[in-house]
Amino acid sequence: MARHSKNIDMTNGPIIKGFLLFSVPIMLSGILQLLFNAADTVVVGRFGSETALGAVGSTSALITLIVNLFMGLSVGASVTAAHCYGAKDPAGVHQVVHTSILASAVTGVVVGMIGIAVSTPALRLMGTPDNVIDQASTYMKIYFCGMPAMMVYNFGASILRSAGDTKRPLYYLSVAGVVNIVLNLIFVIVFHLDVAGVAIATVISQFISAICILAHMMRCDKWYRLELKKLRIYPEKLKRIIWIGVPAGLQGTVFSISNVVLQSSINSFGSIAINGNTAAANLEGFMYLAVNAFHQSSVSFTGQNIGAGKFHRAGTIMKAALGLSAAVSVVMGGAFLLLREPLLHIYIPAYMSNSAQAVAYGVSRLLIICSTYFLCAGNDVMTGVLRGMGASLAPALISVIGVCGTRILWVLLVFPFYHSLVSLYISYPVSWFVSFGAQLLCFFVVKKRMLRRYQEDTIQKETAESPL
């Protein structure tokens, strides 16, 4: 089977042009996904009970903590598939696809069961206020019922992107997202299901996106064609996926632990502060997903070029990704700062009690995060480049120490003496700066070792082929 002619060629031609063509659909996918997720908070904030917004917002850090460990495996699938594409190995792609889809379905069931079981006790451990904990627990239990579909979609999308196809995941996500918004309005406004309604709508939309991507993979005539009867685990590919994916998942999990620690500290300021923090965090999510497109692009571009033996392009990919992600974060951050109060009022209606105080809490967060987000963008890009090079453990350790360690130490050592939300928010740029510097240094070390290993392998090959 031939590769699709419309897929982006990552190993030849100008990098910036190809990088933008590849990144923009991912960026739109991420922003659309967050828009659809934001519909949950907007609908419950405007049409649900007064505690519904805080209930949904208080679950985000905990949900991310549980999901990230297993979602990291999709990164492993993406890198492994990209290496096979770069090496022009269709049989390898076939094995990665069938291993990944089966693994995603199994892990989705496991994550769903874990999420349902720990939701209430974990929320209590985080100090979630009594007036929102029942609704938050309900939202989480329903949300995790859709975890198998979420896992299958993300694994499938990562495989398509590793092949250079970023448009189809965008199309499928758009269809599912529109369904999500419509069902949100119906379940909350018409049937008055409140928090449960937006959770049910989310689960249905997740299954729609998973079905769409599976249907395409089963009907296409490409290297990543899926045949259900051939689903099986290929040990060598699974080992490679785990080798790259588990450190990425652990990084995300530990990263989320630090956010849970911060969220617990934020919870101590009460439900009004939670509302303001939730609204600001939702706005920041648009910046994150915009710059995260360059992270995902770095993984695929670097992976294919490493698979093709074109190590010299890794540095150019890194520079292009850093420049583009910094530009996007500065533009978006500046726009959010200029329009901060009107944007926050989208999530916090003026007619809600204590809305002015909640908006003030949100503004204090935006002022710090939006003005320094280019540091987060740089850190994400460097992680993506290193993972694409096959070095997943090093960036994971750097993030654990640089980002998570810094934030946890901040909460333990600084926050008790400067007990304010502003003090908590300052820990974000500090941790990004520490980690970005370490990731940059790690890149040059990994690249040097990779080039040396490639030269040694080439010499050994030439010596073995010599008639003398």
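Buried here means under 20% relative accessible area, exposed means over 50%, and partly exposed is anything in between, with a 1.4 Å probe and protein chains only as cover. The model is a predicted one, so to speak of local features takes a pLDDT of at least 70 and side-chain atom pairs count only at pLDDT 80 or more, while totals for chains, interfaces and linings use all residues. Residue numbers run from 1 along each chain as its sequence is written, and side-chain values rest on heavy atoms, with hydrogens and water left out.

Salt bridges come up first. The term covers a side-chain nitrogen of Lys or Arg within 4 Å of a carboxyl oxygen of Asp or Glu, and a search of the whole structure turns up three. In one of them, Lys230 pairs with Glu227, the closest N and O atoms being 3.4 Å apart. Lys230 counts as partly exposed at 37% relative accessibility, and Glu227 is partly exposed too, at 22%. Another bridge links Glu284 and Arg365, at 2.8 Å from N to O. Glu284 sits in helix H10 (residues 271-307) and Arg365 in helix H13, so this pair ties together parts that are 81 residues apart in sequence. Helices are DSSP runs (H or I, at least four residues), numbered from the N terminus. Both Glu284 and Arg365 are buried. Asp165 and Arg168 also meet through their side chains, at 2.6 Å from N to O; Asp165 is buried at 5%, whereas Arg168 is partly exposed at 23%.

Helix H13 (residues 355-371) also holds Cys370, which is buried at 5% relative accessibility. The C-alpha atoms of Cys370 and Glu284 are 7.4 Å apart, although 86 residues separate the two along the chain. Leaving aside residues up to four places away in sequence, Cys370 touches Met287, Gly333, Phe336 and Leu337, where contact means heavy atoms within 4.5 Å.

Next, the surface. Patches are built from residues with over 30% relative accessible area and no salt bridge, joining like charges within 9 Å and nonpolar side chains (Val, Leu, Ile, Met, Phe, Trp, Tyr) within 5 Å. Areas come from the Shrake-Rupley method with a 1.4 Å probe. Helices H7 (167-190) and H8 (194-219) are the elements that give two or more residues to the patch, and H7 provides the largest share, seven residues.

Most residues other than glycine have a negative phi.

Positive charge gathers on the surface as well, in a patch made by Lys448, Arg449, Arg452 and Arg453. Lys and Arg count as positive, with His and the chain ends not counted, and the charge is placed at NZ of Lys or CZ of Arg. Lys448 belongs to helix H16 (residues 421-465) and is exposed at 57%.
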